[in-house]
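Biologist: I have a structure open and would like to go through it. Can we take it step by step?

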Amino acid sequence: MRTTTQLLLCSALAGCAQVGDGGRYYGSTDAGAGSATRTCDDLVSLPGDMTITGASGFTDRPDGCWELGGKLTLRGPAISSLDKLGDLRTVGSLELDSTDLSAIGTPSPIDVLGDIAIHHNSKLVDISNVEAHGDLSSLMVEYNDVLPSLGGLSDITRVTGMTMIESNPKLAAIDLSHATRLEGGLTIQDNDALASI
């Protein structure tokens, strides 16, 4: 059995709202109308970084819901599905580099706590299952040929390092309305379809 700690954010205008469990976000909902909440009673934590470049790299993961304390790197055209990743809930940082993914097809959204780098993915059209509930160290979304939106990244409130959104020719809108601080600078360029920020 897992002990649950809830973190509340309070403000004079909005009252209090639960934002996590021990500082992390669990109990995510599946995509789609009327979907049920996914629970995670026995979260397994793995320390360190994990780099996956092919199908054999998915073998050292827990069977149930889990989190990775370090960076998850998914690299190369052999990465075309995340089915073997299982029910990953949280990572320290995330990099998607030159994959053949069309979507982040995980059972639950992946909450990223540090850096996000999504670049050179020629088929990626849906990143709604990549989320950041709060602060990030850096955000880079570059050279994704068919990516139409930033999906779950619209909840970012602060980026302490650089924010770069460039060379995504199908990106039509950028929603950073929850961001209160982009401390390391903001670069938005060469997004040919961009109509609104």
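Biologist: What am I looking at, and how are residues numbered?

Modeller: This is a predicted model, where local features need pLDDT of at least 70, side-chain atom pairs count only at pLDDT 80 or more, and totals for chains, interfaces and linings use all residues. Residues are numbered from 1 along each chain as its sequence is written, and side-chain values use heavy atoms, with hydrogens and water left out.

Biologist: How many helices and strands are there in the protein?

Modeller: There are 0 helices and 15 strands. Both are DSSP runs numbered from the N terminus: helices are H or I with at least four residues, strands are E with at least two.

Biologist: What percentage of the residues count as buried?

Modeller: Of the 197 residues, 41% count as buried. Buried means under 20% relative accessible area, exposed means over 50%, and partly exposed is in between, with a 1.4 Å probe and protein chains only.

Biologist: Which strands does β8 pair with?

Modeller: β8 pairs with β6 in the parallel sense over 4 bridges, and 5 bridges join β8 to β11 (residues 138–142), also running parallel. Two strands pair if DSSP finds at least two bridges between them.

Biologist: Which residues stand opposite each other there?

Modeller: Leucine 94 stands opposite isoleucine 116 in β8. Alanine 117 stands opposite methionine 140 in β11.

Biologist: Why is β8 described as largely enclosed?

Modeller: Because 4 of the 5 residues of β8 (residues 115–119) are buried, the strand is largely enclosed by the rest of the structure.

Biologist: Which residues have the most contacts inside the largest nonpolar core?

Modeller: They are Leu72, Leu85, Ile104, Ile116 and Leu153, in a core of 36 residues. The elements giving two or more residues to this core are β4 (50–52), β5 (65–75), β6, β7, β8 and β11. A nonpolar core is a set of buried Ala, Val, Leu, Ile, Met, Phe, Trp, Tyr and Cys residues joined through side-chain atoms within 4.5 Å.

Biologist: What is leucine 72 in contact with?

Modeller: Leaving aside neighbours within four places in sequence, leucine 72 is in contact with Met50, Ile52, Leu85, Leu88, Val91, Ser93, Leu94 and Glu95. Contact means heavy atoms within 4.5 Å.

Biologist: New topic. Where is threonine 106, and is it buried or exposed?

Modeller: Threonine 106 is in the loop between β6 (87–97) and β7 (110–112). Threonine 106 is buried, with a relative accessible area of 7%.

Biologist: Which cysteines form a disulfide?

Modeller: Cysteine 40 and cysteine 65 do, with their sulfur atoms 1.9 Å apart. A disulfide here is a pair of cysteine sulfur atoms within 2.5 Å, and the count comes to 1.

Biologist: What parts does that pair tie together?

Modeller: Cysteine 40 lies in the loop between β2 (15–21) and β3 (44–46) and cysteine 65 in strand β5, so the pair ties together parts that are 25 residues apart in sequence. Cysteine 40 counts as buried at 9% relative accessibility, and cysteine 65 is buried with a relative accessible area of 9%.

Biologist: Last one: what is the strand order in the open sheet of 3 strands?

Modeller: The order is β10-β12-β14, with parallel pairing. The edge strands are β10 (135–136) and β14 (181–182), each pairing on one side only. In that sheet, 2 bridges join β10 to β12 (residues 158–159), and leucine 136 stands opposite valine 159 in β12.
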